[in-house]
Amino acid sequence: MTWNEYLYLFWKKHGGTLFATEDQEWNGTLLLEKEKGTILIHAEETGTSRSGISFHHIVVSTQVRLERPYRLQITPANLMWNGLNQVLGGLQQGAKRLGLPSKFYYDYQTPKNLGNRRITTSDPTFTKWVLQSEQFCSMLKGKEKWGVRVGAIGKGDRMHTVSVYDSEENYGLDDFEPLLKHGETLEAVMSYYEQKGFDVALNHLIAFVKEASASVTAWPMPTISPNQ
């Protein structure tokens, strides 16, 4: 089934407001109204192969209000970053021993399982606090295709979008046979849908965006000097 068909079945089961067209594969967007705000679910194209096959992330987003604009990105796991972080950490320690100033590496004191991810941020001190969330880091553990993005919705704005994303590989989207268009009953298609694990995988990502939002808002942002 296509992304739009899977999202349609998710909507049939969980409700919300669905924006999609049945003759498209990837344009479906679902809004869920939760007790702590709106959650937006959509697919985002990340690239195209030489043969014209598109690759996508499944993205789940919500919004939070912070004291000032803030940016955070945590990439999916990559062994290259594990080695690079170790090298930069070693250079940082060496520079400290020699009494030299350096900005090779910022130690966020995160669990070791996050060492193979690239972390970039506009506020390292605040990010260090955000990443002390045991539940947040625990949910990220073992989910090597997951990533996180946090950013203000406009320059200087306090409203922020918190997005988490995952590879389409984890949602049963390898089979694009459009079952809903072949005359099968909705009950039969729903049975197939349950077997593919889309519902479980997407609900895990929804739970993660809630945890990411809680982690970003759990601490007051540190004050900064006028010169910063």
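This is a predicted model: local features need pLDDT of at least 70, side-chain atom pairs count only at pLDDT 80 or more; totals for chains, interfaces and linings use all residues.
Reader: Which residues of α1 are buried?

Author: A residue counts as buried when its relative accessible area is under 20%. In α1 the buried residues are Trp 3, Asn 4, Glu 5, Tyr 6, Leu 7, Leu 9 and Phe 10, and what covers them includes the strands β1, β2, β3 and β4 together with the helices α5 and α6.

Reader: Which residues touch the most other members of the largest nonpolar core?

Author: That core has 48 residues, and those touching the most other members are Trp 3, Phe 10, Ile 41, Ile 58, Val 60, Phe 136 and Leu 202. Its largest share, nine residues, comes from α6.

Reader: How many salt bridges does a search of the whole structure find, and what does the one between Lys 13 and Asp 199 tie together?

Author: A salt bridge needs a side-chain nitrogen of Lys or Arg within 4 Å of a carboxyl oxygen of Asp or Glu. The search finds four, and in one of them Lys 13 and Asp 199 have their closest N and O atoms 3.7 Å apart. Because Lys 13 lies in helix α1 and Asp 199 in helix α6, the pair ties together parts that are 186 residues apart in sequence.

Reader: Is Asp 199 buried or exposed?

Author: Asp 199 has a relative accessible area of 7%, so Asp 199 is buried, whereas Lys 13, at 40%, counts as partly exposed.

Notes. Residues are numbered from 1 along each chain as its sequence is written. Side-chain values use heavy atoms; hydrogens and water are left out. Buried means under 20% relative accessible area, exposed over 50%, partly exposed in between (1.4 Å probe, protein chains only). Helices (H or I, at least four residues) and strands (E, at least two) are DSSP runs, numbered from the N terminus. Contact means heavy atoms within 4.5 Å. A nonpolar core is a set of buried Ala, Val, Leu, Ile, Met, Phe, Trp, Tyr and Cys residues joined through side-chain atoms within 4.5 Å.
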